[in-house]
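Visitor: Could you take me through this structure, one question at a time?
Guide: Gladly; here it is.

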Amino acid sequence: MTPDLMEEGTRRMQAVAVKAAQDTESGGRKAGYSRIATPGEVDTTHGRILYLEDVHVSFDGFKAINGLNLDIAPGELRCIIGPNGAGKTTMMDIITGKTRPDSGTVFFGSTIDLLRHNEPQIAQLGIGRKFQKPTVFEQLTVFENLELALKTHKGVKHSMFFRLDSTQSDRLAEVLHTIHLAGSVHRMAGELSHGQKQWLEIGMLLMQDPKLLLLDEPVAGMTDDETARTAELFLRLKGQHSLMVVEHDMSFIATISEKVTVLCDGSVLAEGTLAQVQADERVIEVYLGR
Ligand SMILES: Nc1ncnc2c1ncn2[C@@H]1O[C@H](COP(=O)(O)OP(=O)(O)OP(=O)(O)O)[C@@H](O)[C@H]1O
């Protein structure tokens, strides 16, 4: 195809897209639904960064997720609690593309259909996930771990020639400060305490500037002091990022929570402030009263 023909083709496609957008009742919003967005573009004008509706997943006939509805506002710090087997991990697996639901809707912002993306694409779109166990590179320094997280995110192939530019250096310094590791920049990650390794891994996610962070039992195994500093860290992150924190440690939840969602049997049992869900008889019966 000649360059002229390609240009003409592109012009026609753009005209068709504009016309389709104008033809919808909502002036284009509907036409934009399900499109594959470019990284950095998340439409939160409708007040939601994450939206799950009527999601179902069965494993060999067992309903692990059963009509799950949930939405998270931009900048919100949402705590998720619930008994073992409630479906918390499975829910995160669905959001990050690790598990495909049998049915339902899962949107990032109002235009990005997460079910049309795979795991690496979802990470590139700006959803970062922290698993329970720290997975840092023990033989590298704190600095090198953070630098590597950036390289990996940017898809740098020839890492020997990669140099941080000044914006990236500033970002790294800012992240080091946020995760309480500015004084440990040249220490090997393997020498850090359990809590410090957790912070480093959160820092590695922050280097990729995620819009939504999913954190699975982040304070499990931490000392009281590390737990308190993690609470501080999360309170600092909220607003700039949206956070979904799954935890069993209720005193930690009490320190950080605004809105709490209680999952049970694969769907939402209760939602509200911690005081509200703690007073809910159904929540006491299945979870808190154990
Ligand atoms: N791949 C799988 N195959 C079969 N069953 C599964 C699979 N993944 C999860 N399940 C089942 O689905 C249910 C929900 O599990 P899930 O791990 O999501 O719960 P959870 O709320 O994260 O629990 P916990 O607090 O113990 O981590 C459990 O009964 C679990 O055994």
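**An exposed loop residue**

Guide: D60 is exposed, with 5 other C-beta atoms within 10 Å, where exposed means 12 or fewer such atoms, buried 20 or more and partly exposed in between, C-beta atoms being placed from the backbone. The model is predicted, so local features need pLDDT of at least 70 and side-chain atom pairs pLDDT 80 or more, whereas totals for chains, interfaces and linings use all residues. Residues are numbered from 1 along each chain as its sequence is written.

Visitor: What is the phi of D60, and in which loop is its place?
Guide: Most residues other than glycine have a negative phi. D60 lies in the loop between β1 (50–59) and β2 (62–72), strands being DSSP runs of E of at least two residues and helices runs of H or I of at least four, numbered from the N terminus. Although D60 is not a glycine, its phi is positive, at about 50 degrees.

Visitor: Is D209 exposed, partly exposed or buried?
Guide: D209, in the loop between α7 (194–206) and β7 (212–216), also is a residue other than glycine with a positive phi, near 45 degrees. With 15 other C-beta atoms within 10 Å, D209 is partly exposed.

Visitor: Which strands stand at the edges of the open sheet of six strands?
Guide: The order is β6-β7-β8-β3-β9-β10, with mixed pairing, and two strands count as paired if DSSP finds at least two bridges between them. Two of the strands have a single partner strand each, so one side of each is left without a neighbour in the sheet; these are β6 (127–130) and β10 (267–272).
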